[in-house]
Structures are given as structure tokens and as C-alpha cells.
Amino acid sequence: MSAITNDWLSAVGEEFKKPYYTELYKFVKEEYSNHVIYPPSGDIFNALHLTPLHNVKVVILGQDPYHNEHQAHGLSFSVLPDVSAKDVPPSLKNIYKELHSDLGCFIPDNGYLKKWADQGVLLLNTVLTVRAHEAASHRGHGWEKFTDAIISAVNKEDRPIVYMLWGRPAGEKAAMLDNPKQLVLKAPHPSPLSASRGFFGCKHFSQCNDFLRSNGIEPIDWQIDNIHTAN
């Protein structure tokens, strides 16, 4: 695991000293030694590296990383830039559909969401690693405690921040969020199984930007640009 060196270290560094994290570290190290694990170990903390705590404007919570080859890179819902449009995971395709409906964003030819992270969107999974082709295989080993500490640190920030909680596991985190300066938005998960039950039409992206503007904060440019130019 690559070390955290920005302001997240002071916010959550005490977690590294706790017994649960010692056990988590042992478990994760053994998993990487004996199995194919995603994302690559150097990418585990990418969400924190790319979006320092002082830059966080929005939190989008995922569950665990994509578990197929060459997808996960440490940002929830995002895949590596050379994944083609046809191979973008279904949940992200539905996120793009909602963005198109809500804000008129065109649907890009890739699923690389680093542009959001660079603008202050913390793309955090509640579990940060997974065994290849085994969804949820690293749940219940301690990551949830660590990411709860991250969420708690954001909740303590004395400024407006937006949370987008999609699906039941993410929605349960609302109980941790009691900062009156911050906005919590909840909707069903964007997966094909549940997107039609209220994710489509939730208008979280426009609500988020309206909230940021109303507090004098630069809104997020949600449009992901095309990468693969047609010949």
C-alpha cells in the first residue's frame, strides 16, 4: 500500500495504530501474495491521494472495487482510461445516463473519472480491495472501519460538502452525517437491478451544483471528456 502523505494522514493516521488495522494489513498483504487482488496495491489509496481532505466538495460512496481485470484503480465507479465505451461497467453507464438527463452531459467514450477527483469529488469505496472475480470477498475484514473514519473526518469539516449515497450500504452511512452545513443526498444504486427504482431522475448532480453555488463554491464540471478519438 502506498503511504498517505497529504492532509488525510493527520485526519485518519491514528487508525493505522489500532489493532483492527494491524489485522487488516496482515490480511491484505497475504491476499496480494496468494491471489490476484484489485486494484493494484499502489492504487489502494488513490481516492485520498487525488482528493486531499481540504479539497473535498463532494463524496460519492461505492461499495467494493470492480473485480474484473484492468478496471479498478482506486476510485469508486471509475475504470482505467483505456477501457472502451462498450466495456464501461453497467452502473457507470447508468450514472452517465442520469448525468445526460439531469445536466445534458454527453456520454463519453470512457469511464475514467479522475477529472471529478481532481475537482474535489472524493470517489470512495467502503471496502478498498477485492479478490479477482469474487465480489465482496474483502468485506468484513476491517476496511469498513477505516473508511468510516474517512467519512467521519469529512463530516467534521466546518464547511459545505455534498454526499451522494447510492444504494442501501451507502445510505446507511447517513446515520454518521450530522453536520448542518453539509447536504446528504440518497437514492437507489445505479446498478441495472435498481437504477429504475429512483436513481434515474434523482437529479443529484444538479442538486449538488446548486448547493455548492448557493454557498459560494465553484460547482463541479461533471462532463467527462472523450479520450478515444475516432480515426
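# Close-up views of a predicted model

**View 1. Helices α4 and α8 pack at an angle of about 60 degrees, with their axes 8 Å apart.** That angle makes α4 oblique to α8; angles under 35 degrees count as roughly parallel, over 145 as roughly antiparallel, 65 to 115 as roughly perpendicular, and the rest as oblique. Axes are lines fitted to C-alpha atoms, for helices over the stretch in contact, and angles run from 0 to 180 degrees between N-to-C directions. Helices (H or I, at least four residues) and strands (E, at least two) are DSSP runs, numbered from the N terminus. Ile95, Glu98, Leu99, Asp102 and Leu103 of α4 meet His204, Phe205, Ser206 and Asn209 of α8. This is a predicted model, in which local features need pLDDT of at least 70 and side-chain atom pairs count only at pLDDT 80 or more, while totals for chains, interfaces and linings use all residues. Residues are numbered from 1 along each chain as its sequence is written, and side-chain values use heavy atoms, with hydrogens and water left out.

**View 2. Helix α4 covers residues 90-103.** The 14 residues of α4 reach 20 Å from the first C-alpha to the last, close to the 20 Å expected at 1.5 Å a residue; the expected span is 1.5 Å times one less than the number of residues. Buried residues (under 20% relative accessible area; exposed is over 50%, partly exposed in between; 1.4 Å probe, protein chains only) of α4 are Ser91, Leu92, Asn94, Ile95, Tyr96, Glu98, Leu99 and Asp102. These buried residues pack against α5, β5 (162-166) and α8 (204-214). Just after α4, glycine 104 takes a positive phi of about 80 degrees.

**View 3. Serine 194 lies in the loop between β6 (183-187) and α8.** Serine 194 counts as buried because its relative accessibility is 11%. Apart from neighbours within four places in sequence, serine 194 is in contact (heavy atoms within 4.5 Å) with Pro188, His189 and Phe199.

**View 4. Lysine 114 and aspartate 118 form a salt bridge.** A salt bridge is a side-chain nitrogen of Lys or Arg within 4 Å of a carboxyl oxygen of Asp or Glu. Here the closest N and O atoms are 2.8 Å apart. The two residues are four apart in helix α5 (residues 114-118), so about one helical turn separates them. Lysine 114 is partly exposed at 26% relative accessibility, and aspartate 118 is partly exposed at 44%.

**View 5. Two salt bridges join glutamate 14 to lysine 17 and glutamate 15 to lysine 18.** Between glutamate 14 and lysine 17 the closest N and O atoms are 3.1 Å apart, and both residues are exposed. For lysine 18 and glutamate 15 that distance is 2.9 Å. Lysine 18 is partly exposed, at 35%, whereas glutamate 15 is buried, at 11%. The structure holds 15 salt bridges. Elsewhere, Glu31, Arg131 and Glu134 are linked in a network of salt bridges.

**View 6. Aromatic rings also pair in this structure.** Rings of Phe, Tyr and Trp (its six-membered ring) pair if their centres lie within 6.5 Å; planes under 30 degrees apart count as stacked, over 60 as edge-to-face and the rest as tilted. By this rule there are 14 aromatic pairs. Phenylalanine 16 and tyrosine 21 form an edge-to-face pair, 4.9 Å centre to centre with 70 degrees between the planes. Phenylalanine 16 is partly exposed, at 27%, and tyrosine 21 is buried, at 5%. One aromatic cluster is formed by Phe77, Trp116, Trp166, Phe199, Phe200, Phe205 and Trp222.
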